[in-house]
Amino acid sequence: RQVYYERLQEVRDLGKWEEWIKFFLEAVAHVAREAASTARAIIHMREEFSNLIQEQLRNSSSGLHLLDLL
């Protein structure tokens, strides 16, 4: 957060637009990578729970439906 405000202030004070844009784009790329990783983890977790429900509850349709709702 501190770096964000420092870079923004440099744009105001010194006109350092290129540095700001580079910083901003790197931050967007970082957040996008984290979001993609989180999405993959959620998909993996859902698959694991689906397999567990199918094995432990003998393919319970209500268990699978509940998982889909979650």
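Modeller: Exposed means over 50% relative accessible area, and buried means under 20%. Keep those cut-offs in mind. The model here is predicted.

Colleague: Is Trp17 exposed or buried?

Modeller: Trp17 has a relative accessible area of 53%, so Trp17 counts as exposed. Its place is in helix 2.

Colleague: How do I read an in-between value, and what is the case of Phe23?

Modeller: Partly exposed lies between the two cut-offs. Phe23 has a relative accessible area of 21%, so Phe23 is partly exposed. Phe23 sits in helix 2, which runs over residues 17-56.

Colleague: Which residues does Phe23 touch, leaving out those up to four places away in sequence?

Modeller: Phe23 touches Val3, Tyr4 and Arg7. For a distance along the fold, take Gln54. Phe23 and Gln54 are 31 residues apart in sequence, and their C-alpha atoms are 47 Å apart in space.

Colleague: How far does helix 1 reach from its first C-alpha to its last?

Modeller: Helix 1 covers residues 2-14, which makes 13 residues. Its reach is 18 Å, close to the 18 Å expected at 1.5 Å a residue. Just after helix 1, Gly15 takes a positive phi of about 70 degrees.

Colleague: Which element has the lowest mean pLDDT, and which the highest?

Modeller: Helix 3 (residues 61-69) has the lowest, 88, and helix 2 the highest, 95. The chain averages 92, and 99% of the residues score at least 70.

Definitions and conventions. Residues are numbered from 1 along each chain as its sequence is written. This is a predicted model: local features need pLDDT of at least 70, side-chain atom pairs count only at pLDDT 80 or more; totals for chains, interfaces and linings use all residues. Side-chain values use heavy atoms; hydrogens and water are left out. Helices (H or I, at least four residues) and strands (E, at least two) are DSSP runs, numbered from the N terminus. Buried means under 20% relative accessible area, exposed over 50%, partly exposed in between (1.4 Å probe, protein chains only). Contact means heavy atoms within 4.5 Å. The expected span of a helix is 1.5 Å times one less than its number of residues. pLDDT is the predictor's confidence in each residue, from 0 to 100.
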